[in-house]
Amino acid sequence: METIRWTVDINVEKSEGYPQISEAADYLRHGHVVAFPTETVYGLGADATSDTAVQGIFDAKGRPSDNPLIVHISNPESLDELVSSISNDATQLIQTFWPGPLTIIFNKKNGVFSDLVTAGLDTIGIRMPSHPVALELITRSGKPLAAPSANTSGKPSPTSAAHVARDLTGRIKGIVDGGETGVGLESTVIDCTVTPPMILRPGGVSAEEIEACIGQVLVDPSLKKEQSVPRSPGMKYTHYAPTAPLYLIKGEAEWIQQTINRFKGEGKKVGLLASEELAAQLTADIVEVCGRRKDPATIARGLYHAIRSFNDTDADIILAEAFDEKGIGAAIMNRLEKAAGHKWIKESSS
Ligand code: TXA
Ligand code: MG
């Protein structure tokens, strides 16, 4: 299959009457699979009401069929046709965080979505993204769009059209290239079918921001433990992993340098994934800087690109800096823990 590339600068596109987005939307309306930018990561979209369209997503990604997809809408009013009820907490969250990186789990209305979207569950995850290209595309397609992250299953989510192209060229109808994404990590998933609501996946909206809006929420306890089964089906799969084994590392810079040197002494090419601040204090064979520690949003934005970059190197082992879990840090550490398969190297005193 030839994969079409639509390069979209939203201001030019708007002044010309949205020619490229309209063409991509036509393909979506006709059941094809098209990747598009959101403010979090690129999504792989298809008509959420069509079995054949949604099957195309699973085929292109190699995604396990028991992992449900998030549905993207461009107008909160369309929710009434999609879900059976909207709790007060959900209403508050929608008013505060939509459009934006928050996916809310509702009880679904029967007979609307392809069963493939929900993987047989009675619930459905929905969000309204804030990226102008995504909003225009959804509106023009006239459909709720199922869209997981547009990566091959198991790889880090794509934060640029180049990442999508690398994983999915020849496997999907097209890619709408709207430049690099802003947040860089996926949306927060919160289940509002339970009281109090429960965060199933940390993401672009922090637990602190959610609690400031609706009061105390729960966090799926299995997110902290390697063994237990998470409530969000997707959280049980290995994710975001580069080809070389990745370890989280925690300790003083001097001790981290000794650890790097020890691996080098064993003949290994050592990769370091770190903030600007830590990277400036260390030497390793390959260094990928993901952002600035004093500005965690930059770490979130650069993390997946940095992880992907190691696949173009001959690193034998990757050591990744551990970050503070406050705010967006919870999502950063959740993704790093998964990329590391929960493997840590810690200085004994820290
Ligand atoms: O930022 C994002 O959310 C991106 C962009 C493209 O919107 N999408 C994304 O989708 O990350 P995906 O499919 O890679 O992740 C969806 C997550 C999975 O962990 C899945 O298990 C969970 O949401 N999920 C979806 N529906 C659910 C449901 N009904 N109950 C529990 N978890 C659900
Ligand atoms: Mg994903």
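Let's start with strands 5 and 6: strand 5 (residues 102-107) and strand 6 run antiparallel and are joined by four bridges. In that pairing, phenylalanine 106 has isoleucine 124 of strand 6 as its bridge partner. When I say that two strands pair, I mean that DSSP finds at least two bridges between them. Helices (H or I, at least four residues) and strands (E, at least two) are DSSP runs, numbered from the N terminus.

A quick word on the ground rules: this is a predicted model, where local features need pLDDT of at least 70 and side-chain atom pairs count only at pLDDT 80 or more, while totals for chains, interfaces and linings use all residues. Residues are numbered from 1 along each chain as its sequence is written, chains are lettered from A and ligands numbered from 1 in the order in which they are written, and side-chain values use heavy atoms, with hydrogens and water left out.

Back to strand 6. It also pairs with strand 4 (residues 70-72), in the parallel sense and over three bridges; there, isoleucine 70 stands opposite glycine 125. How many of the five residues of strand 6 (residues 123-127) are buried? Four of them are, so to speak, under cover. Buried here means under 20% relative accessible area, exposed means over 50%, and partly exposed is in between (1.4 Å probe, protein chains only).

Now over to strand 8 (residues 174-177). Gly174 and Val176 point one way, Ile175 and Asp177 the other, and all are buried. Strand 8 pairs with strand 1 (residues 4-7) in the parallel sense over four bridges, with valine 176 as the bridge partner of tryptophan 6. Strand 2 (residues 34-36) pairs with strand 8 in the parallel sense too, over two bridges, and alanine 35 stands opposite isoleucine 175.

On to the charges. Side chains of opposite charge can pair when their charged atoms come close. I count a salt bridge when a side-chain nitrogen of Lys or Arg is within 4 Å of a carboxyl oxygen of Asp or Glu, and searching the whole structure gives 15 of them.

One of these joins lysine 143 and aspartate 47, at 3.7 Å from N to O. The two partners are 96 residues apart, with lysine 143 in the loop between helix 6 (132-141) and strand 7 (145-146), and aspartate 47 in strand 3 (residues 43-47). Lysine 143 is partly exposed at 26% relative accessible area, whereas aspartate 47 is buried at 5%.

Next, which residue forms a salt bridge with lysine 155? It is aspartate 167, with the closest N and O atoms 3.0 Å apart. Lysine 155 sits in the loop between strand 7 and helix 7 (161-168), and aspartate 167 is in helix 7, twelve residues away. Lysine 155 is partly exposed at 28% relative accessibility, while aspartate 167 is buried at 9%. Together with Arg308, these two are linked in a network of salt bridges.

Arginine 166 pairs with aspartate 312, the closest N and O atoms being 2.8 Å apart. That one spans 146 residues, from helix 7 to the loop between helix 11 (296-309) and strand 15 (317-321). Both arginine 166 and aspartate 312 are exposed.

Last stop, aspartate 89, in helix 4 (residues 88-97). Its relative accessible area is 25%, so aspartate 89 counts as partly exposed. Leaving aside neighbours within four places in sequence, aspartate 89 is in contact (heavy atoms within 4.5 Å) with Pro197 and Ile214.
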